[in-house]
Amino acid sequence: MKESALRCGPLVRPRVLFAVLAWCVASSGTAQAQGEGRAVPAASTETQGSVSGVVHDSAGRPLAGVLVTLAGIEGSAPAQRTDTTTAAGRFTLANVSAGSYVLTVERDSLGPRRVVVSVHEGAVTLDVVLRPRGETTAASELQPVIVTARDVPRRPTIGSLPDIRGTEIFAGKKTEGIEVDSLPMNSAQDVSRQLFSRAPGANVTETASSGFPSNGIAFRGLNPVQSVEMNVRQDGVNIVADLYGYPETYYTPPAEAMERVELVRGSSSLQFGPQFGGVIDYVLRDGAPNSKLSIKARETGGSFGMFNSFLSLEGGKEKWTYFAYGQYRSQNGWRPSSDLSQLSAAGKLTYHASDRLSLGLSYSLLRNRIHMPGGLDDAQFNADARASYRSRNWLASPWNIVALDGDYELSASTRITSSLSFMSSQRYLVWRNEDGGPSAVDGIDPETNDFVPRELEWEYFTNLTSETRLVHSYTLFGQSHAIATGLRMFGGDLHRQEGGPGSTGSDFDMHLVGGPYETDMTFGNVNAAAFAENELHITPKLSITPGARIEFLHSTARGHTDTTVSPPAKNRTFVLFGAGAQYQASASTSIYANATQAYRPIEYSFLTPFASLTRIDPKLEDPKGYNLDLGWRGSLGDVVQFDVGVFDLVYRNRIGLISGIDSAGTPFTERTNVATSAHRGIEAYVNLSLTSLLHGDRSAGSLDLYDALGYTHARYTSGEFAGNAVEFAPSVVNRAGVTYARGRGTLGLQWSYVSRQFTDANNTVASADADVGTVPAYQLLDISAKWQLTRVLGLDLGVNNVANLSYFTMRTSEYPGPGIIPGIGRSVYAGVRAGF
């Protein structure tokens, strides 16, 4: 039996570690300034702004390592400031004093660009194109353009990804890039409905009230639990347990460490692999070459004993750049027996050997100790949503991911990237299992004068993944084109042990008592895949991007189980086709369309029942289908930013739950290919700048209204359940809000509405064990605020679920239930952050 001293031990020392380390960093910075005879800056009231932007080549590819210099025009501004662009081509010069400057952007072999910038209170955001020196013109050498910060809106919170970035092609696809720092949100607790507030149709399962903080996300009527229908990544590397056999998400980086979140809907399946829902990529911050050490610390406290401590550092010296973060979070919980302690951390180091070659190494980890209060039935939820009848359920999911990556520019027209990642992780729990449902109170048995024995579950995940991509730009018939190709290799194992007899105690005890595990299985997957996509410009404004992907998947299973299911080894080959199109309707708007096939491999969890009340159909098949997109996106001046589209998703051989009563009169649920489902709808995001619309003076602040609406009509179109609504498919997901920003402060108000949804294909309204039934419609109001006190210190404040409404987002027959998992009532948070 595999043991670990870490997994069940309390995580109390990191709280002290982060608090002390953050204080020492702040103190040492002040002491150093005093020791060198320099004045320690006091709270400044001078007018300041910021200058930021993106640098890319004429093909839209971001340029890393570009030197950006902001030099004051003599007599009007302080001395020069410098920055170097990140791998995403981004640069930021914060806390720039008011005045006039010349911004110079330059890199070897590329012609420099110069822009005259006038900075007042607010933010200047620039988009800079660098061309080879032979293509530069006199106008490129000094742009006679004056940009005034008070006349420029703040950096958009969300936008589409560039047509080509690195070795990836996004032209003709529905994409979104969410700038995390631009969101007024509770980043200390990673409130998903706030993080994805600008992404239309994001359906979230919230399990934080059950001490299990890994919330799930899905779009277009797909299953959101643990994000199983999404291809979830961090910095381009898969972070789920097993993309092909167990795509559940246990680790996600904290929002405090993210630079942005990137979304590609179902059209991502050609470049990134399976899953109907598309890709979510959590992009971490990074350092810039030859930049000073930057340290950020944040201490946050809140309702129900919530404490969060975050510390990060980033920078660069000569050819090296680095970023690292550590986060410790604990809480007593909104419900009894829902306490949590969690430590997450990551670090990445990049060596920029030249302007053309970079090599990187990263490591991410998660350690947690989670107390699960169990689920409720409908009567219990209606009587008291905060109640708990399980106090002996515990879970932990230690996660480890190591990745190597390389980026090499073979020539001005050819680029190759490659990554190799290794994951070794676990998920284990001890609990009073689902027998009897949530109404079976976990109390003392009068006959034994003790609790009933608990059950042990243990899973070990190990996998190795290699992905290599190449993009080549070329000219044909007077138009520029680009082709992207790639190879992926994957090998992974899951060792699953279930039904182990546990103790009658209440602590986190993972020792077997009186026998072996009822189920002891090892599942394996070996995958090889190749793809190609070609962006072809028919005219300068119109492009089409056809593509194809081929996947081979070999699945094995060995071991024993207490069920009648004995999964055989399987070999499958999938060939997927797709095509996208994009038309540049104007300088700031474009029309996009896409049709792409997709599939979802049968998961390990579909092959062995987790709960004794759940059965598995031995004739399960891999679901297949396609996504269609048509949309219009862009901006109308600086007044309106939008992305409005329609979609059509067809999901054949969909795997779902059906419920019934067997010949012995016992109720059951069964996983099976229930039928084909069709999901059609609208996804619309609109942001309106009232300040720009009314030609207001930005010195009085900027006021924006936004609405992110997802409408989905998802129905089964064949089989026994034809005409029934698809489970986990609310018709309406709508999030709207107001953001007001002035000077150093930002205030955000967000309203969320999610309509009723079913949790099984039968469209059961209610059940005795509460594991299936409806999830009623709910609406929530959140308030978040940020205030920058000085150059160093800032405050974060907010209230979640202002009206203190009772609601829930999921029912389950498994952990963290069984039964209804309530959402959290009103909670308040406040935090102090510092940057050096």
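Reply: Start with the salt bridge. It is a side-chain nitrogen of Lys or Arg within 4 Å of a carboxyl oxygen of Asp or Glu. Here aspartate 507 forms one with arginine 454, and the closest N and O atoms are 3.8 Å apart. Before we go on, note that this is a predicted model: local features need pLDDT of at least 70, side-chain atom pairs count only at pLDDT 80 or more, and totals for chains, interfaces and linings use all residues. Residues are numbered from 1 along each chain as its sequence is written, and side-chain values use heavy atoms, with hydrogens and water left out.

Me: Where do aspartate 507 and arginine 454 sit in the chain?

Reply: Look at the strands and helices. Both are DSSP runs numbered from the N terminus: helices are H or I with at least four residues, strands are E with at least two. Aspartate 507 is in the loop between β28 (479–501) and β29 (519–537). Arginine 454 is in the loop between β26 and β27 (455–476). The two are 53 residues apart, so the pair links distant parts of the chain.

Me: Is each of the two buried, exposed or partly exposed, and what decides that?

Reply: Relative accessible area decides. Buried means under 20%, exposed means over 50%, and partly exposed is in between (1.4 Å probe, protein chains only). Aspartate 507 has 45%, so it is partly exposed. Arginine 454 has 2%, so it is buried.

Me: How many salt bridges are there in the whole structure?

Reply: A search finds 33. Take glutamate 256 and arginine 298, whose side chains meet at 2.9 Å, N to O. This pair also links distant parts of the chain, 42 residues apart. Glutamate 256 is in the loop between β16 (237–238) and β17 (258–264), while arginine 298 is in strand β19 (residues 294–302). Glutamate 256 counts as buried because its relative accessibility is 4%. Arginine 298 is buried too, with 16%.

Me: Which other salt bridge does arginine 298 make?

Reply: One with aspartate 796, at 2.5 Å, N to O. Aspartate 796 is in strand β43 (residues 793–800), 498 residues from arginine 298. At 5% relative accessibility, aspartate 796 counts as buried.

Me: How do I read a polar contact?

Reply: It is a pair of N or O atoms within 3.5 Å; within protein, one must be able to donate a hydrogen and the other to accept it, and residues adjacent in sequence count only if both atoms are side-chain atoms. Here the side chains of arginine 415 and aspartate 407 are joined by one of 2.6 Å. Arginine 415 lies in strand β26 (residues 414–431). Its relative accessible area is 12%, so arginine 415 is buried.

Me: What does arginine 415 touch?

Reply: Contact means heavy atoms within 4.5 Å. Leaving aside neighbours within four places in sequence, the contacts of arginine 415 include Pro62, Gly166, Thr167, Arg469 and Val471.

Me: What is a nonpolar core?

Reply: It is a set of buried Ala, Val, Leu, Ile, Met, Phe, Trp, Tyr and Cys residues joined through side-chain atoms within 4.5 Å. The largest one here has 62 residues. Leu195, Phe196, Val261, Tyr282, Trp399 and Tyr815 touch the most other members. A second, separate core has 18 residues, among them Leu70 and Phe91.

Me: What does the protein chain look like overall?

Reply: The chain has six helices and 46 strands. Of its 836 residues, 57% count as buried. Its accessible surface comes to about 31,800 Å², with 59% belonging to carbon and sulfur atoms.

Methods. Areas by Shrake-Rupley, 256 points an atom, 1.4 Å probe, with all protein chains shown as cover.
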